[in-house]
Structure formats: structure tokens, C-alpha cells
Amino acid sequence: METVDVKEIRKKLEKDLDHKRFEHTLGVSYTACALAMCHQADIDKARIAGLLHDCAKCMDNEKKIAICKKQNIEINNIEKQNPFLLHAKVGCYIARKQFHIHDTDILNAVLNHTTGRPGMSLLEKIIYIADYIEPGRKHAPNLNEVRRLAFKDLDEALIKILQDTLLYLRNIDSPVDPATQQTYDYYINRNHTHKEQEI
Ligand code: DGI
Ligand code: FE
Ligand code: FE
């Protein structure tokens, strides 16, 4: 991988993010490193992707939308209704343009960290899961179980998170992005032991 200055990235993020988001970012980065050690992934990439995954999170919705329009980044109907979802797509763009990251796997991990996607890479799964289980997270359901699963079987952890996310979205009556549903359907169908839990 290209050499990147982790210290520089951290310094810039501390300026771009509010305190709570910066602490979360560090939690995701360290958790992603631990998962990479456990599952034989690239630790340096996990560290960088963890740091950058929410780099656009504290940007105004108007600014995120403006960047998408200017850069021809598609905004779907669900994203129109919930522009916060765009922090993943815009984050991928910012990681490239402002943090000079060119590694496709890292960029994809940032891009897909909110909804997931069918056929995720090892790094994408690690970031998606680390985002949910980092030590600063307190309120997600089944956290203990998901934390245990994450160090045992990534796909099982992924399915559990997607399932709880879909239930949560249904409870609060929030529209589901097609990518979130497709990701769940893809992994549940690959994992036959979970067939009965299809939702
Ligand atoms: O940015 P973070 O809060 O660290 O985490 P994230 O980027 O994974 O965003 C989590 C939120 O995204 C959580 O409240 C559930 C929501 N989310 C995930 N998939 C969808 C979704 N929200 C909607 N409306 N539709 C989705 O498909
Ligand atoms: Fe996020
Ligand atoms: Fe996050």
C-alpha cells in the first residue's frame, strides 16, 4: 500500500469532526485493527479505513448534496429523504480528494460502510462491523452477541447487524435503502442456517 501519514490524517480529522465523532472514529479504527488481526486482513488498511469512514459525517447536508451534484454522484430517493446517508459516498470522495487515498479497497470500505453491499470484501466487512461494535457504542441491540460473533464469524456478525438495522428502521418508520436490503438478502441466502430468520 502507498505510504500514508496516519498522524496527519488524525490531525485533519480532529479539525473536521466534532469531539464525539472523532472519539468514535478512533474507536472504529482500533476495533478494525483488532478485527484485521483476528481475521488476517491488512492492519494498515483497516486502520486508515476506520479513521476515514465518517470523514464527511459533520458536513452540512446542503454541502454534501452540493458535492454530489458537482461530482455527478447519484443521489437516490432514500438519500434525498435522508441526506445523512450521503456521508458514505461523500466520505469516499473526500478520502480521495483531501486525504489522497487511492487504494480501492479502503475507498470502498468508506463508500459502503453505512448500507453494506452484496459481495463485500474482507476489509469492507471489517469496517462495517467495527462501526457497529466499537467500544463507544452503547445503545445498539444485541451488542454483546454481535461483539462476540465479530471475532468468531464475520458473516454471522454482518447478518445480525443487518437484521437489527432493518428491524430498527421498520420500528422508526424510516425508509430502507435498496443497498441495505440487498446486502441482507445476499448474506442471508448464502448462509442457510439463517434461512428461517428471513425478513
Ligand atoms: O455514521 P455512523 O452513525 O457511525 O454509522 P452509519 O454510517 O452506519 O450510520 C448508521 C445509521 O444509518 C443507523 O441509524 C441506521 C442508518 N441506516 C443504515 N441503513 C439505512 C439507514 N437509514 C436509512 N434510512 N436507510 C437505510 O437503508
Ligand atoms: Fe457513518
Ligand atoms: Fe461511524
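How are helix 2 and helix 8 oriented to each other, oblique or roughly parallel? In this predicted model, local features need pLDDT of at least 70, side-chain atom pairs count only at pLDDT 80 or more, and totals for chains, interfaces and linings use all residues; side-chain values use heavy atoms, with hydrogens and water left out. Residues are numbered from 1 along each chain as its sequence is written, while chains are lettered from A and ligands numbered from 1 in the order in which they are written.

Helix 2 (residues 19–38) and helix 8 (residues 122–133) have axes 8 Å apart and an angle of about 125 degrees, and the two helices are therefore oblique to each other. Angles under 35 degrees count as roughly parallel, over 145 as roughly antiparallel, 65 to 115 as roughly perpendicular and the rest as oblique. The axes are lines fitted to C-alpha atoms, for helices over the stretch in contact, and angles run from 0 to 180 degrees between N-to-C directions. Helices themselves are DSSP runs (H or I, at least four residues), numbered from the N terminus.

From helix 2, the residues His24, Val28, Thr31, Ala32, Leu35 and Ala36 meet Ile126, Ile127, Ile129, Ala130, Asp131 and Ile133 of helix 8, where contact means heavy atoms within 4.5 Å. This contact has nine nonpolar, two polar and one charged residue. Here Ala, Val, Leu, Ile, Met, Phe, Trp, Tyr, Cys and Pro count as nonpolar, Asp, Glu, Lys and Arg as charged, and the others, Gly among them, as polar.

## Helix 6 and helix 7

Now for another helix pair. The axes of helix 6 (residues 86–97) and helix 7 (residues 104–111) come within 7 Å and cross at roughly 150 degrees, so these helices are roughly antiparallel to each other. On the helix 6 side, Ala88, Lys89, Gly91, Cys92, Ala95 and Arg96 meet Leu107, Val110 and Leu111 in helix 7. By class, that contact has six nonpolar, one polar and two charged residues.

Let us turn to the metals. Asp54 bridges the iron ion (ligand 2) and the iron ion (ligand 3), which lie 3.6 Å apart. Asp54 is buried, with a relative accessible area of 2%; buried means under 20% relative accessible area, exposed over 50%, and partly exposed in between (1.4 Å probe, protein chains only).

The iron ion (ligand 2) has Asp54 (OD), His87 (NE2) and His113 (NE2) as its protein donors, lying 2.1 Å from it. Donors are N, O and S atoms within 2.8 Å of the metal (3.2 Å for Na, K and Ca), and water is not among the atoms, so sites may look incomplete. His87 in helix 6 and His113 in the loop between helix 7 and helix 8 are 26 residues apart, a pair linking distant parts of the chain. His87 is buried at 2%, and His113 is buried with 2% relative accessibility.

His24 counts as buried at 7% relative accessibility.

## Asp153

Finally, a loop residue. Asp153 is found between helix 9 (143–150) and helix 10 (154–171), and counts as partly exposed at 29% relative accessibility. Asp153 and His139 are 14 residues apart in sequence and 22 Å apart in space, C-alpha to C-alpha.
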